[in-house]
Amino acid sequence: MAGRIRIAIVDDVQESRDNVERLLRFEPDIEIVGTASRGAEAIELAMAKEPHVILMDVNMPDMDGIAATTAIMSRMPNVGVIMMSVLNEPDTLRRSMLAGAREYLVKPFSLDELLTSVHDVYALVSRMPQAHVVQAVPAAMPVSTAKQTGKATIVSVTSSKGGVGRSTVACNLAVALREMSGKRVALVDADLAFGDVGVMMNTSDAKTIIDAVSYRAQIDSDVLETILVQHASGVHLLLAPVSPQDAEVVTPDLVRSILDVMMGMFDFIVIDTRPGFDDLNLVVYDITDTMLLLVTMDMTAIKDARQFLEIAELLGYSGERIRVILNRNNTYSGIPAEEIGESLKRPLWATIPDEPGPVLRSINEGVPLVSTAADSKITQEFCRMAESYLMELDPELVQQAARSGPRRSSLRGMFRTGWKPAS
Ligand SMILES: Nc1ncnc2c1ncn2[C@@H]1O[C@H](COP(=O)(O)OP(=O)(O)O)[C@@H](O)[C@H]1O
Ligand SMILES: [Mg+2]
């Protein structure tokens, strides 16, 4: 029947999906076009069936309803999302609305409440001008042209599970990019609740992203200059809040505004993230030029990385924009490195050896390996990675740096004598 309201239902609990479906089944002006039990499935369903309204559960494993809403809204701005949650928390409500949801239903809800929301939201979205479905998010900018337009090249270090070396890679890569290019490099700790960049870079500075909260929309480069911490390597750090509770007040919108300003201040921004896909990570990934996905040699990490790549593909983060790095490469895991690439159907962009002693010492001393252990295999791999990335962007970047002198040796001297972060 033409003119019916097309609805999709998303909930990880089958009973909840069935309940909503049962409530709506006999409504003459409503057609249920599909159901999904995961955030990624919801995106796929929305793109395939183009519903008018999506009833979206908030709490789901892998990718929650808020992240799925963010992803759907960026591709299909005319869909009306109604969140459903047992939690009646102001923060969840606020985050849902920021993600683009139009209404919020607290479970359990009555048929009346449900129908009123559906009709209100449908009336709202049907008044909106037609927008086309955006099939995929284009790369923030082709990597090779980003530099010429004066916008920073953004590299995010990602994973689907914790403890695989994101922070280790982000810190060392940022320093390597700085050393090899001499360009303006920033390192942002977007693992807001459990950020480790401050410890790994041994900063005693108290400035963190929390200091940006009170500025909200007025963030500019002058404000950021006072919040960024300058590391002895020349890399500027934007640190995560010291206490996990404070992470709550740093919204994805604020992070986006900060990154927008930083893009004009730096040539490279390396971002350390928290695992998986959530609303903050989607904000970060959407402006990222190159996502580095870390995987280690255990079956769970490989399985999770495969799922990550599937969701990434669905969201349009594909091709050269996402590259796999094998971390902690060793001979004792029983899984050959080549098989990991094959299993992920991706070439390994880099392979970092497993060297527990040097890595642990470098973390505990707060000095990135790249700055001290020039001869270690890990350092060589970071430098190779940075160099090949810079060469890909513009070979001049590496050549200019080589002409401007032996940056690496002077840095090593500085670290050996200990350093204090510049204020
Ligand atoms: N290449 C490596 N060799 C040995 N140990 C490593 C290596 N990379 C990371 N680690 C160890 O793994 C742990 C987690 O690393 P970290 O960078 O904090 O991961 P994440 O940020 O993904 O949680 C650290 O204790 C570190 O010592
Ligand atoms: Mg970390």
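Where is the place of Gly165? I looked this up and found Gly165 in the loop between strand E6 (153-158) and H7.

**Ground rules**

I am working from a predicted model, where local features need pLDDT of at least 70, side-chain atom pairs count only at pLDDT 80 or more, and totals for chains, interfaces and linings use all residues. Residues are numbered from 1 along each chain as its sequence is written, chains are lettered from A and ligands numbered from 1 in the order in which they are written, and side-chain values use heavy atoms, with hydrogens and water left out. My helices (H or I, at least four residues) and strands (E, at least two) are DSSP runs, numbered from the N terminus.

**Ligand 1: the shell**

**Ligand 1: contacts and cover**

I looked for polar contacts (pairs of N or O atoms within 3.5 Å; within protein, one must be able to donate a hydrogen and the other to accept it, and residues adjacent in sequence count only if both atoms are side-chain atoms). The side chain of Ser167 has an N or O atom 2.9 Å from an oxygen atom of ligand 1. The side chain of Arg328 puts an N or O atom 3.3 Å from a nitrogen atom of ligand 1. From Glu355, a backbone N or O atom is 3.0 Å from a nitrogen atom of the ligand. Taken alone, ligand 1 exposes 560 Å², and the protein buries 85% of that. Those areas come from the Shrake-Rupley method with a 1.4 Å probe; for residues, only the protein chains shown count as cover.

**Strand E12**

Arg328 lies in strand E12. Its phi is positive, about 60 degrees, although Arg328 is not a glycine. Is Arg328 buried or partly exposed? I have Arg328 down as partly exposed, because its relative accessibility is 37%; the cut-offs are under 20% for buried, over 50% for exposed and in between for partly exposed (1.4 Å probe, protein chains only).

Asn329 is in strand E12 too, and I logged Asn329 as partly exposed at 27%. Asn329 and Glu355 are 26 residues apart in sequence, with 8.8 Å between their C-alpha atoms.

Gly165 counts as buried because its relative accessible area is 15%. I checked Gly165 against Met200: 35 residues apart in sequence, 12 Å apart C-alpha to C-alpha.

In helix H7 I looked at Thr168, which is buried at 15% relative accessibility. Thr168 and Glu381 are 213 residues apart in sequence, and their C-alpha atoms are 13 Å apart. Val175 is also in helix H7. I found Val175 buried, with 0% relative accessibility. Its C-alpha atom is 9.4 Å from that of Leu369, 194 residues apart along the chain.

Which peptide bond is cis? I marked the one from Lys107 to Pro108, with omega near -5 degrees. Pro108 sits in the loop between strand E5 (103-106) and helix H5 (111-127).

I also flagged Asn202, a residue other than glycine with a positive phi, near 50 degrees. Asn202 is in the loop between helix H8 (197-200) and helix H9 (221-227), and counts as partly exposed at 40% relative accessibility.
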